[in-house]
Amino acid sequence: MHGSPSPADSRLLFQYLRPERRPLSALLALLVVAMVLPLAGPLLIGAFVDAALDGESASQLAALGGLFLLTTLTGDALQLVVTWFSVRLAWRVGNRLRLDLCRHALGLDLDWHGDHSAGQLIERIDGDIDAVTRFASTAVLQLAGNTILVAGVLVISAVIDWRASLLIAITVGIAVVVLIRMRRIAVPYYDEEREVQSHLYGDLEERLGGLEDIRANGAGPWAVHKLHEHSAGWWRTARRAAARGDGGLTLAGGVFAAGSVGVLALSAWQCRQGELSVGSVLALLRFSQMVSDPLWRVAEQLAEAQKAIAGTRRAARLLAEESALPDGTRDDLPDGPPAIAFDGVSFGYGTGTDVLRDVSFSLPAGTSVGVVGRTGSGKTTIGRLVARLWDTEAGTVSVGGVDVRELTLRALRSRIGIVTQEVEVFRATVRDNLTVFGTLDADDDAVTGALDTVGLGDWFGSLEHGLDQHLEGDTELSAGEGQLLAFARLLLADPGVVILDEASSRLDPDTETRLIAATDRLLAGRTAIIIAHRLSTLDRVDQILVLDHGRLVEHGQRAVLAEDPESRFHHLLATSRAAQEVGR
Amino acid sequence: MSAPETQSSARFAWRILKADPWTWGISLVMWVTFFSLPLPAGLVLRAILDQLPDGDGAPLGVLLAILLGFEVGRWIVLFPAIVQWHGAWVFWHTVPRVNALRSLVSDPGPATDRLPGSSGEAVSRFRDDARDIAQVLDVWLDLIAAGITTVAGVIVLFLISPVAATAIVAPILLVLGIGHLLAARLREWRWAEREATAGVTGFIGDAFGAIATVKVAAAEPAILDRFARLGSTRADAARSDQVGTQLAQTLGGITANAGLGLALVLIAPAMSRGDLSTGDIGLFTTYATAVASLPRVTARWSTFQRQGDVSAARLGRLMPDHDPDQASGAVPTFLRDGPPPFTTVTPSVPATRAGVERLTSLRVEGLRVRLDDTDQLDGVDLEVHRGQFVVITGPVGSGKSVLLRALLGLVPRTGGTVWWNDAEVVDPATFLVPPRAAYLPQVPRLFSESLADTVLLGHDPAGLPAALEQARLVEDLTDMPHGLDTTVGPKGVRLSGGQIQRTAAARALVRTPEMLVVDDLSSALDVATESEIWDGLFAPDAAALTVLAVSHRPRVLERADQVIELRDGRRTA
């Protein structure tokens with residue numbers, strides 16, 4: 001899966017970091033100081049020991065001790081300052097990138113969104129970027145800082161004794177090779193563990209979501225069995241991965257330990273030869289112990305780097321996605337309800353089978369049409385093409401006499417209101433739900449008025465916090481109430497074109513009748529497309545379209561078709577009336 | 001931001017520990033060894049340095065070899081410790097998970113109200129809260145190992161130089177104190193950051209989950225504006241949290257060097273007098289680091305314990321009576337060898353059922369349900385006899401679905417009695433299950449497994465062909481890429497609403513229940529297909545099936561033996 005990063009990916013990161021060049025270089029300078037300061041520690045301890053052996057005064061020894069204390073505290077304080085600045089930087093860059101990704105994803109077409117769940121987008125817009133920004137701010141600095149520290153140790157210890165320095169360098173070299181090798185070996189095992197875990201949690205999430213299905217159908221033991229299987233899988237893979245991944249760390253730890261004992265042996269021998277002071281022995285030992293910490297940190301950050309590269313690549317890929325619906329340029333739709341026309345429209349959802357075939361009709365401004373036909377005949381698609389949620393494969397759809405592809409999506413859609421069978425309720429306040437986060441410019445009175453009109457007045461009255469009440473998505477509203485909420489949205493939007501697609505299918509007949517009465521006012525003087533199973537919903541439309549397998553098989557004035565005993569619509573009406581009478 | 005409910009995570013963790021003390025105990029022994037080995041190593045180092053520049057004690061080579069043994073041996077101990085620990089880590093997660101899932105799927109009484117609203121949040125109980133508890137068990141290992149090391153190290157230091165010991169211990173105590181004062185603030189910052197992050201991710205999820213609504217409403221600019229605002233709130237919260245965390249870490253890391261520096265200043269007189277040797281300095285450098293891990297570990301311990309308190313309460317809420325003890329009790333986990341093979345459920349043949357298995361009549365009297373302070377059902381009576389088709393109808397929000405779910409024990413009832421063949425049903429949740437009853441919900445959930453598995457869910461496959469036939473699913477199967485092996489559910493091929501409903505119908509029917517409970521089969525099916533299903537179920541040659549269904553469709557009402565009409569939670573007909 002992991003290829004090498006393409007130049008485009010790193011360019012993306014640089015592009016976002018470029019405006020931050022100054023803070024970044026200031027940070028790096030601070031970091032160098034913060035990292036070099038601790039190097040004085042071992043030297044001062046060595047000096048302290050040597051001074052004591054030389055019989056220096058207590059005050060001189062105390063001064064050396066005090067200097068040691070000062071450098072280490074200053075180094076720590078500087079580290080904090082570095083963190084403060086790098087965290088700020090990370091969030092600036094990260095949020096800028098998140099916002100761009102969000103903007104871009106919002107602009108992509110519904111086909112693309114059909115393939116990418118909201119959960120995936122949370123990962124792409126937020127999760128991935130976390131790794132990227134952490135890398136860009138913290139990890140880069142850590143990598144740089146710790147490299148400086150290791151280099152500093154090697155240089156200074158070389159000044160004391162080149163052989164010890166060489167030994168430290170060799171130790172570091174071996175440890176690095178061990179770490180890299182073992183990581184390479186461990187990666188597939190970690191992937192395996194993650195895979196098992198994602199199955200475990202995915203499975204659990206589904207079972208918990210379908211808990212009632214499971215309980216009432218006596219499938220509990222099966223769900224528990226599956227959990228046991230996944231858990232045992234996790235146990236196996238976790239231990240396997242730990243043996244490789246953490247095994248590498250322990251091996252490297254052993255190498256460092258052996259290396260520092262080696263340095264001690266070497267310098268102790270030289271001390272016996274009179275070539276090194278005792279203080280230098282202690283200093284070299286401390287230096288040899290100082291290199292392991294930065295190396296762990298670098299190893300940690302390399303894992304971050306891998307995540308960041310993957311995240312950047314995914315971000316770059318997301319930004320490179322193009323919407324299948326290029327935005328138009330015209331936003332000069334005349335005021336008032338527009339006319340709608342289909343001219344030779346054919347369309348399929350990219351599956352090879354046409355959902356609409358050569359459909360043509362025109363709907364004069366301010367009139368309404370009812371669309372009927374069996375499930376899968378293409379009714380819903382008509383509404384979607386008007387709002388340009390998809391583009392036609394052949395033919396044109398025009399609104400207000402303009403091809404919808406020439407209009408900006410914003411100009412087009414702000415004139416259209418749709419209520420469908422599947423109502424989406426946001427986990428947000430009632431107000432945000434009705435105004436779609438402030439898109440609709442409506443004051444509180446208008447919002448409550450709309451709720452009253454659709455018959456949600458009692459429901460609204462029962463809310464503790466009124467318009468500020470937070471809705472927990474679909475859970476608080478029944479399916480029918482959700483549809484009523486969508487109608488209230490429609491009332492507020494006050495659009496020139498209204499599309500009702502099985503908009504009342506989840507309502508009982510009584511509520512539906514009341515709602516229709518309320519929306520009659522809304523439909524008056526607007527261009528409307530109404531799609532319905534229940535023909536009673538279509539009593540007041542001007543025209544009727546009958547669709548069959550994507551073809552327009554009948555089109556005419558409702559009154560005319562209803563009277564014509566030869567028409568399909570007449571036939572449908574008769575069947576439905578018969579069913580109604582039996583039912584009552 | 002109200003303070004979340006808490007339960008003792010120590011008790012919770014202790015009960016898991018007791019469930020398998022060996023797993024934890026082995027980890028502890030290895031961890032203590034790893035933590036404390038630097039202490040003897042420090043003594044050896046002291047001996048070595050005291051032999052410099054020239055000495056007449058033990059030979060230097062021997063001492064160096066011993067030192068090598070301690071230093072390298074420490075890492076050799078770590079290897080098995082880590083592998084073993086990972087097994088223990090999984091075990092600590094698994095105990096509460098298995099307890100909770102078992103209880104949710106099979107304990108008496110309604111289970112749905114024990115779960116949080118969204119399934120994503122529910123799974124976070126099993127993932128994040130279980131992890132928080134595992135972290136408590138883990139930090140105990142660190143705490144005990146660091147505690148032993150610190151105490152032993154300080155004793156040795158005292159024996160060598162009380163002044164140096166005091167100097168090294170003083171910053172540790174100081175940092176422990178500061179850490180304690182800082183802890184509350186850190187928790188607030190962390191809490192604020194979590195809330196802000198949840199706000200951002202939740203908003204992305206919502207906006208893109210309802211992308212069609214967003215697009216149709218041309219709400220993209222409003223969404224971006226809100227997203228930017230949530231993002232900047234979160235950046236502020238995250239900044240405080242991350243800098244605070246770094247501050248705590250830095251404080252924890254300061255102790256070793258600060259203690260050593262302080263010691264150097266204070267022992268200067270003793271050193272110049274020659275009371276302390278070079279070896280002692282070497283020992284101080286080693287011990288200052290070895291004993292300094294305590295503040296860091298203590299800080300982690302208090303953080304994890306407190307996080308764990310919230311998690312223990314949350315895990316407890318998954319259990320009946322919200323009792324965390326039930327989530328932490330011993331339970332078989334089968335981690336090493338996997339669970340024993342699943343024994344499929346073989347149903348009894350309907351015709352041979354007798355006694356309590358066989359339905360003669362089901363009677364409900366005065367059923368009441370109160371949810372969120374509103375009466376959903378206000379005393380409903382109904383009676384169903386063997387072989388009857390009873391349909392419940394009524395306007396939106398009249399309580400139809402609630403009636404079915406309360407009858408099945410899926411939501412808690414506040415009043416009323418259910419009789420099965422004139423015997424009172426005390427706990428419908430465990431009684432009205434196959435083979436007595438099976439349920440087809442209004443919005444059925446399928447699971448990401450093969451079509452056969454998601455229908456059977458552990459049931460004997462013998463009845464599968466008949467059930468698929470009854471649910472009118474056979475034709476659809478030919479269009480699926482792998483027939484019965486096609487993966488369906490959220491991660492599988494996308495089924496239409498009607499196909500999902502029919503699959504769920506097959507799932508209920510394969511259980512050959514005495515009574516089938518159906519919630520609005522029509523919402524995703526066209527009239528013709530729905531009729532076919534009912535026709536199949538009530539074919540003259542079919543076994544006598546008892547059905548309790550919610551529907552609006554005239555054709556269904558027409559077929560019913562009895563129609564129950566609800567309005568505002570009461571029966572009007």
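Q: In which loop of chain B is Pro435(B) found?
A: This is a predicted model. Pro435(B) is found in the loop between helix H13 (428–431) and strand S6 (437–440) of chain B.

Q: What pairs with S6(B), and in which sense, parallel or antiparallel?
A: Strands of a sheet pair through backbone hydrogen bonds, either parallel or antiparallel. S6(B) pairs with strand S7 (residues 515–519) of chain B in the parallel sense, over 4 bridges. Within that pairing, Leu440(B) has Val518(B) of S7(B) as its bridge partner.

Q: Are the two faces of S6(B) covered or uncovered?
A: Both are covered. Ala437(B) and Tyr439(B) are buried on one side, and Ala438(B) and Leu440(B) are buried on the other.

Q: What is the strand order of the sheet of chain B that includes S6?
A: The order is S6-S7-S8-S3-S9-S10, an open sheet of 6 strands with mixed pairing. S6 and strand S10 (570–571) of chain B are the edge strands, and each pairs on one side only. Leu566(B) stands opposite Arg571(B) in S10(B).

Q: What is the order of the 4 strands in the open sheet of chain A?
A: The order is S2-S1-S4-S5, and the pairing is antiparallel. Strand S2 (356–363) and strand S5 (402–403) of chain A each have a single partner strand, so one side of each is left without a neighbour in the sheet. Inside the order, strand S1 (residues 340–347) of chain A is joined to strand S4 (residues 394–399) of chain A by 5 bridges. Phe342(A) has Val397(A) of S4(A) as its bridge partner.

Q: Why is strand S9 (residues 543–548) of chain A described as largely enclosed?
A: A residue is buried if 20 or more other C-beta atoms lie within 10 Å of its own. In S9(A), 5 of the 6 residues are buried, so the strand is largely enclosed by the rest of the structure.

Q: Which strands are joined to S9(A) by bridges?
A: Strand S3 (residues 368–372) of chain A is joined to S9(A) by 4 bridges and runs parallel to it. One bridge pair there is Val372(A) with Val546(A). Strand S10 (residues 551–557) of chain A pairs with S9(A) in the antiparallel sense, over 6 bridges. In that pairing, Ile544(A) stands opposite Gly556(A). S9(A) and S10(A) form a hairpin with 2 residues between them, and His549(A) in the turn has a positive phi of about 50°.

Q: Where in chain B is there a positive phi in a residue other than glycine?
A: Asp321(B) is one case, with phi near 60°. Asp321(B) lies in the loop between helix H10 (293–317) and helix H11 (324–328) of chain B. With 10 C-beta neighbours inside 10 Å, Asp321(B) counts as exposed. Asn421(B) is another case, with phi about 50°, in the loop between strand S4 (415–420) and strand S5 (423–424) of chain B. Asn421(B) has 15 other C-beta atoms within 10 Å and is partly exposed.

Q: How does the span of a helix compare with the expected value, as in helix H6 (residues 162–209) of chain B?
A: The comparison uses 1.5 Å a residue. H6(B) has 48 residues and reaches 66 Å from its first C-alpha to its last, close to the 70 Å expected. There is a kink of about 35° in H6(B), centred on Leu182(B). For helix H3 (residues 38–50) of chain B, with 13 residues, the reach is 18 Å and the expected value is 18 Å.

Q: Is H3(B) mostly covered or mostly uncovered?
A: H3(B) is mostly covered, with 11 of its 13 residues buried. Among them are Pro38(B), Leu39(B), Val44(B), Arg46(B) and Ile48(B).

Q: How many residues does each chain bring to the contact between A and B?
A: Chain A brings 127 residues and chain B brings 128 residues. Helix H9 (residues 220–272) of chain A gives the most to the chain A side, with 30 residues. By class, that side has 65 nonpolar, 35 polar and 27 charged residues.

Q: What is the mean pLDDT of chain A?
A: The mean is 86, and 95% of the residues of chain A reach 70 or more. Over residues 1–5 of chain A the pLDDT is below 50. Beyond near neighbours in sequence, that stretch has 4 contacts in the model.

Technical notes:
Residues are numbered from 1 along each chain as its sequence is written. Chains are lettered from A and ligands numbered from 1 in the order in which they are written. This is a predicted model: local features need pLDDT of at least 70, side-chain atom pairs count only at pLDDT 80 or more; totals for chains, interfaces and linings use all residues. A residue is buried if 20 or more other C-beta atoms lie within 10 Å of its own, exposed if 12 or fewer, and partly exposed in between; C-beta atoms are placed from the backbone. The expected span of a helix is 1.5 Å times one less than its number of residues. Two residues are in contact if their C-beta atoms, placed from the backbone, lie within 7 Å. Ala, Val, Leu, Ile, Met, Phe, Trp, Tyr, Cys and Pro count as nonpolar, Asp, Glu, Lys and Arg as charged, and the others, Gly among them, as polar. pLDDT is the predictor's confidence in each residue, from 0 to 100. Two strands pair if DSSP finds at least two bridges between them. The bend at a residue is the angle between axes fitted to the seven residues ending there and the seven starting there.
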